[in-house]
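Let's take a guided walk through this fold, one piece at a time. Have the structure open beside you and follow along as we go.

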Amino acid sequence: MLSRCHSIADLRRLAQRRLPAPMFHYIDGGADDEWTLRRNQSAFQDYQLLPETLRDVSSVDLSVDLFGRKLALPFFLAPTGMSRLFHHQKEFAAAHAAEAAGTFYGLSTLATTSLEDVAAAVRNPLMFQIYILKDRGLTLEFVARCKAAGYSALCLTVDMAMAGNRERDLRTGMVMPPRFGLRSLWSFATHPAWAMNLALHPGFRLANVAHRVDALGAGAMGLIDYVNSQFDRTVTWADVEWLRAHWTGPLILKGILSPADAARAKAVGADGLMISNHGGRQLDGAPAPIDLVRPIRAAVGPGMELVVDGGIRRGGDIVKAIALGADACSVGKAYLYGLAAGGEAGVSKAIAILRSELERTMILLGCRSISEIGERHVLPLEGRRIPAIPLQSTGTV
Ligand code: FNR
């Protein structure tokens with residue numbers, strides 16, 4: 001029950017009980033040996049919080065300005081695909097919960113609700129996550145649709161030249177087309193509520209791209225094949241400049257880890273960065289985003305807006321990211337566990353848990369506002385100091 005969930009870890013356990021194994025592991029898993037997946041969370045333990053005492057912390061302001069909007073919280077919901085697999089309220093659940101909390105919801109290109117339908121359902125600032133696809137015409141179509149629907153910001157995912165190797169999905173059969181073995185079928189049989197719900201509320205459709213495939217006359221599997229065939233390994237910085245020229249609002253590059261790339265992103269006119277390794281789902285061996293905040297802040301200077309994404313399960317993690325130089329954070333799995341556990345109420349619960357942990361951490365740290373959190377509040381564990389990373393660019397495009 002949601003009321004018995006007191007942490008994101010509790011929501012994860014409830015999600016595991018509610019979802020058939022293939023769906024749970026699709027959320028929970030990472031690439032290859034899942035080293036990066038684990039490191040994303042454990043890296044936060046390498047930083048201690050150093051409190052300052054005897055300050056009046058009777059009121060605490062959690063608001064930030066981000067990507068041209070005032071948000072009530074210094075974290076938002078990262079774009080994640082295929083929400084219908086986890087709950088029938090799908091993307092609406094996350095968009096409504098984000099709206100109630102006064103923060104951004106990032107809608108994925110691979111959502112199961114169209115960007116127009118989500119925009120019509122809420123009034124809060126929305127972000128659309130875009131790819132530069134082989135079909136540049138479709139990317140431009142998204143830009144035009146986002147402008148028409150009133151999206152605040154575009155976030156371009158740049159760590160998806162191809163999909164990572166998610167071995168849990170191979171084992172559970174969560175591949176396209178699905179190949180479910182006995183164990184997975186048993187897990188569907190033992191989660192009848194999920195199966196019944198899918199039968200009662202079908203609606204699994206990659207709603208933003210479906211029209212392209214419908215026009216080609218293919219079926220549902222054709223749609224997945226179509227999307228996979230659209231990831232483009234030839235995309236370079238020149239394409240980012242091309243997108244920049246077409247979108248005048250805030251443009252954020254998601255999936256930057258290298259300080260040299262961060263400087264390059266600034267040079268081509270990106271407004272912000274999401275320092276991210278895609279939640280450990282892409283390049284295994286990639287460092288935890290939290291370890292790159294300081295070097296990237298040093299590379300881009302104070303003006304560029306930086307979001308940290310990956311491994312955030314506690315409000316204190318958000319405080320550490322901000323202390324190291326980030327403006328805000330975004331969370332993926334933390335809210336997807338909530339979505340699977342209880343739809344919109346579950347996403348709201350995940351946000352409420354993180355909000356109250358964040359507020360309590362700030363009070364105990366002696367900070368009344370997000371801008372009062374600074375580097376003096378973090379102390380790297382002895383012997384785990386993050387080496388200075390030289391700022392070098394290969395100079396290639
Ligand atoms: C993602 N993520 C993601 N990112 C993106 O740019 N487009 C997408 O469609 C998706 N889809 C997606 C699905 C699922 C199930 C997960 C868990 C993640 C990555 C996401 O935006 C974010 O970078 C990570 O989730 C952050 O790490 P944590 O918070 O999950 O640890």
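Two strands count as paired if DSSP finds at least two bridges between them. Helices (H or I, at least four residues) and strands (E, at least two) are DSSP runs, numbered from the N terminus. Before we start, note that this is a predicted model, in which local features need pLDDT of at least 70 and side-chain atom pairs count only at pLDDT 80 or more, while totals for chains, interfaces and linings use all residues. Residues are numbered from 1 along each chain as its sequence is written, and side-chain values use heavy atoms, with hydrogens and water left out.

Let's begin with the barrel. Here 8 strands close up in the order 4-5-6-7-8-9-10-11, with parallel pairing. On average, neighbouring strands of this sheet are turned by 25° against each other, direction ignored. Strands of a sheet pair through backbone hydrogen bonds, either parallel or antiparallel.

Strand 5 (residues 105-107) and strand 6 (residues 126-130) run parallel and are joined by 3 bridges.

What covers these strands? Helix 4 (residues 90-101) packs on the sheet, touching strand 4 (75-80) and strand 5, and its direction makes about 150° with that of strand 5. Contact here means heavy atoms within 4.5 Å, while axes are lines fitted to C-alpha atoms, for helices over the stretch in contact, and angles run from 0 to 180 degrees between N-to-C directions. Helix 16 (residues 333-365) lies across strand 4, strand 5 and strand 11 (328-331), at about 155° to strand 4. Strand 4 is mostly covered, with 6 of its 6 residues buried (buried means under 20% relative accessible area, exposed over 50%, partly exposed in between, with a 1.4 Å probe and protein chains only).

Now turn to the ligand. It is surrounded by 23 residues, and the closest are Pro79, Ser108, Thr157, Asp309 and Gly311; a residue counts as near if one of its heavy atoms lies within 4 Å. A backbone N or O atom of Gly311 is 2.8 Å from an oxygen atom of the ligand. The side chain of Arg313 places an N or O atom 3.1 Å from a ligand oxygen atom, and a polar backbone atom of Gly81 is 3.1 Å from a ligand nitrogen atom.

Finally, compare two loop residues: which is buried and which is partly exposed? Ala72, in the loop between strand 3 (69-71) and strand 4, is partly exposed because its relative accessible area is 38%. Ser152, in the loop between helix 6 (136-149) and strand 7 (153-157), is buried because its relative accessible area is 10%. Not counting residues up to four places away in sequence, Ser152 touches several others, including Arg69, Phe104 and Trp247.

Terms used
A polar contact is a pair of N or O atoms within 3.5 Å; within protein, one must be able to donate a hydrogen and the other to accept it, and residues adjacent in sequence count only if both atoms are side-chain atoms.
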